[in-house]
Amino acid sequence: MTPLVRRWWPTALFFAVITSMPLWIHDGYVLQLIFRVLVFAVLGMAWNFVGGYAGQLSLGHVAYFGIGAYAMTLSVERIGWNPWIGVLLGAVLAALAALIIGSITFRLRGPYFALSTLAAAEIIRVLVQNQDELTHGAVGTNAPLLFKAPDIDAKFFWGVIPLLAAAFALSTWIHNSRFGYRLRAIRENENTAMAVGVNPAVDKLLALLPSAVFTSLAGSIYASYFSFVGPDTVLTIEISVQVALIAMLGGAATVWGPILGSVVLTLTSEIFKTYFEHTHLVVYGLLLIVVVIFLPGGVISLFTRRWSFRRQVGPIGAQQ
Amino acid sequence: MAWVQAFLNGLLVGGVYALIASGMALIFGVMRLVNFAHGAFLMVGTYLSYYGWVLLGLNPYWAFPLWGAVLFAAAVGIYWLLVRRVMGANDFLQILLTEGISLALIGLAQLVFGADYRQINLPIANRITGFGSLHFSVGYILSFAVSVALVIALRQFLRRTEMGRAIRAVAQNRAVAPLMGIRVERVSAITFGLGIACAGVAGALLLPIFWTNPTVGGPYTLKSFVIVVLGGMGSVQGAALGGLLLGIAEQFTAYAWADRYAEVVNFVIFILVLLFRPQGLFGGKA
């Protein structure tokens with residue numbers, strides 16, 4: 001095998017398998033489940049740019065998710081646009097929001113940063129909840145469909161794959177580029193990074209911009225699939241935590257980690273949900289505790305450790 | 001007169017905030033740990049108080065030390081089991097761990113108690129008293145009085161007792177304290193227990209004037225962190241004053257603008273204080 005083939009065949013195989021899934025899976029429930037796995041994999045990857053590589057624990061990513069969902073819905077309902085233009089509008093608005101939120105919150109470090117992102121997302125939630133005339137307030141409203149029947153499940157499924165591929169490509173690039181190394185330097189020690197010529201203010205913003213855009217796009221498609229937007233569904237803190245958990249669970253600052261994390265988290269909480277009502281929070285909580293205490297490198301470190309045991313897995317496992 | 005009423009209402013609620021935030025300030029000051037599970041423990045306090053009243057007829061206004069003791073014990077256990085392992089780790093892991101504890105507690109509460117809203121009907125708490133055109137519910141006054149008394153007791157404990165001195169020594173310098181014969185692990189466990197007990201007791205005192213459900217604690221984690229930032233990180237006195245201030249700020253916003261914007265005020269204050277006066281409004285250290 002040429003090096004190129006050796007390096008990329010698992011990726012090619014993975015994308016070939018998931019792309020073909022709607023052709024051989026006809027159970028709507030299973031497709032819906034995998035669709036959710038893929039959307040949350042995109043979200044985990046997007047969070048990973050900021051939370052994993054740059055080590056900035058954002059607990060406010062639901063803000064961009066909600067902006068994507070609401071922008072698509074309201075541009076159809078209030079302006080009468082095509083929902084796809086609404087999706088683009090959402091991405092632009094999310095980038096703008098990221099610029100504003102980022103330039104304020106990135107001045108803060110550690111727990112202050114985490115809490116200020118949470119606060120920013122909550123401000124957006126409260127504002128949306130209280131603009132009844134524009135957003136339907138706390139009740140929420142129906143979201144438009146991005147794809148029309150027939151075979152709507154398959155179309156949504158194929159709709160999210162380009163997004164996943166783009167997020168995967170960007171992740172791979174960040175993982176191996178100088179930009180990625182600068183982000184990791186910021187994560188390890190911001191002062192030292194500055195001393196060697198990294199500008200954390202700029203690099204953190206540059207990581208947040210694509211992160212917000214991908215989160216917004218995933219938010220649009222997710223809201224459209226479940227055809228509903230409301231402050232308690234697309235702007236809840238739970239999604240912020242879930243997204244961070246997915247990246248951490250799989251392995252922060254790795255390309256495959258968020259995909260793995262999304263598979264594990266979505267499937268575990270689904271399995272528990274079929275046996276008990278209201279268990280997903282217990283599952284998230286216990287998984288978080290287990291990951292932090294026993295597996296700070298994420299599930300992926302179970303595999304990489306065996307193959308490259310000489311490399312130490314850091315507190316936030318730093319390898320692919 | 002309405003402004004005076006809003007001010008006094010804010011002060012009464014602020015007293016309870018002061019108690020919650022003192023607990024968080026204590027934990028942060030001594031352990032350098034941001035306790036994302038603070039509100040979840042407050043929620044546990046409300047349920048203890050609820051079932052104590054419904055099943056055993058224990059009035060929260062005199063049974064609260066019992067609920068505080070239960071939460072103290074639970075928190076010390078959780079410290080030894082889990083929190084101990086992330087002491088000295090980066091704050092990323094600490095936040096995720098306490099967030100995990102929080103989610104697990106909320107999820108367990110949903111499983112065990114269901115998601116319904118619950119309320120108790122305590123005759124004394126519903127009585128209204130007042131002078132002139134000002135009116136207060138007796139429940140608010142009682143909760144305020146007990147909270148303020150407890151904050152003062154906590155301050156005296158930290159200043160006057162041997163354990164209090166040990167706690168302050170660890171807050172000042174974690175590396176040097178053991179050289180003075182202080183058992184840092186034990187002090188941390190007790191601090192965590194005390195901080196959580198503050199949140200739990202506040203929950204028990206909020207129940208007669210409020211309601212509860214498994215997610216009731218969520219806003220209080222953020223609120224108490226806002227207050228801790230406002231009062232100067234880790235300062236218990238600062239947190240007490242910050243609590244009163246936040247209570248008043250909320251009531252003023254609710255009166256001047258709209259009820260529902262009161263929560264935005266928290267976050268705006270939080271970000272502004274962090275950006276422009278990160279040492280807190282009152283400066284100083286624990």
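This is a predicted model: local features need pLDDT of at least 70, side-chain atom pairs count only at pLDDT 80 or more; totals for chains, interfaces and linings use all residues.
Ala199(B) sits in helix 8 of chain B, residues 184-206. Is Ala199(B) buried or exposed? The residue has 33 C-beta neighbours inside 10 Å. The cut-off for a buried residue is 20 or more, so Ala199(B) counts as buried.

Now show the contacts of Ala199(B), leaving aside neighbours within four places in sequence. They are Ile20(B), Gly23(B), His38(B), Phe41(B), Leu42(B) and Gly45(B). Then draw a distance to Gly164(B). From C-alpha to C-alpha, Gly164(B) and Ala199(B) lie 19 Å apart. In sequence, 35 residues separate the two.

**Zoom out to chain B**

Colour chain B by secondary structure. There are 11 helices and 2 strands. Walk along from the N terminus: the order is α-α-α-α-α-β-β-α-α-α-α-α-α.

Next, look at the overall dimensions. Taken along the principal axes, the C-alpha atoms of chain B fill a box of roughly 60 × 45 × 35 Å. The radius of gyration of chain B is 18 Å. A compact globule with 286 residues would have one near 19 Å, so the value for chain B agrees.

Colour by burial. Of the 286 residues in chain B, 53% are buried. Now turn to contacts in chain B with a separation of 6 or more. Residues 24 or more positions apart account for 79% of them.

**A helix pair in chain B**

Select helix 6 (residues 138-160) and helix 10 (residues 236-256) of chain B. At what angle do helix 6 and helix 10 of chain B pack? The angle is about 170°, and the axes are 10 Å apart. Angles over 145 degrees count as roughly antiparallel, so helix 6 and helix 10 of chain B are roughly antiparallel to each other.

Show side chains where the two helices meet. Helix 6 of chain B brings Val151(B), Leu154(B), Arg155(B) and Leu158(B). Helix 10 of chain B brings Val236(B), Gln237(B) and Ala240(B). The residues of this contact divide into 5 nonpolar, 1 polar and 1 charged.

**The interface**

Bring chain A into view. Here 34 residues of chain A are in contact with 33 residues of chain B. Which helices of chain A each supply at least two residues of the side that touches chain B? Select helix 5 (110-130), helix 12 (237-250) and helix 14 (280-294) of chain A. The largest share, 12 residues, comes from helix 5 of chain A. Colour this side of chain A by residue class: 25 nonpolar, 7 polar and 2 charged.

**Helix 14 of chain A**

Stay on helix 14 of chain A. This helix has 15 residues and reaches 21 Å from its first C-alpha to its last, close to the 21 Å expected at 1.5 Å a residue. Of its 15 residues, 11 are buried, so helix 14 of chain A is largely enclosed by the rest of the structure. Among the buried residues are His280(A), Tyr284(A), Gly285(A) and Ile289(A).

**Last stop: helix 3 of chain A**

Select residues 62-79 of chain A, which form helix 3. Helix 3 of chain A has 18 residues and reaches 24 Å from first C-alpha to last, close to the 26 Å expected at 1.5 Å a residue. It is mostly covered, with 15 of its 18 residues buried. Finish just after helix 3 of chain A, on Gly80(A), which takes a positive phi of about 85°.

Definitions and conventions:
Residues are numbered from 1 along each chain as its sequence is written. Chains are lettered from A and ligands numbered from 1 in the order in which they are written. Helices (H or I, at least four residues) and strands (E, at least two) are DSSP runs, numbered from the N terminus. The radius of gyration is taken over C-alpha atoms; the globule rule is 2.2 Å times the number of residues to the power 0.38. A residue is buried if 20 or more other C-beta atoms lie within 10 Å of its own, exposed if 12 or fewer, and partly exposed in between; C-beta atoms are placed from the backbone. Two residues are in contact if their C-beta atoms, placed from the backbone, lie within 7 Å. Ala, Val, Leu, Ile, Met, Phe, Trp, Tyr, Cys and Pro count as nonpolar, Asp, Glu, Lys and Arg as charged, and the others, Gly among them, as polar. Axes are lines fitted to C-alpha atoms, for helices over the stretch in contact, and angles run from 0 to 180 degrees between N-to-C directions. Angles under 35 degrees count as roughly parallel, over 145 as roughly antiparallel, 65 to 115 as roughly perpendicular and the rest as oblique. The expected span of a helix is 1.5 Å times one less than its number of residues.
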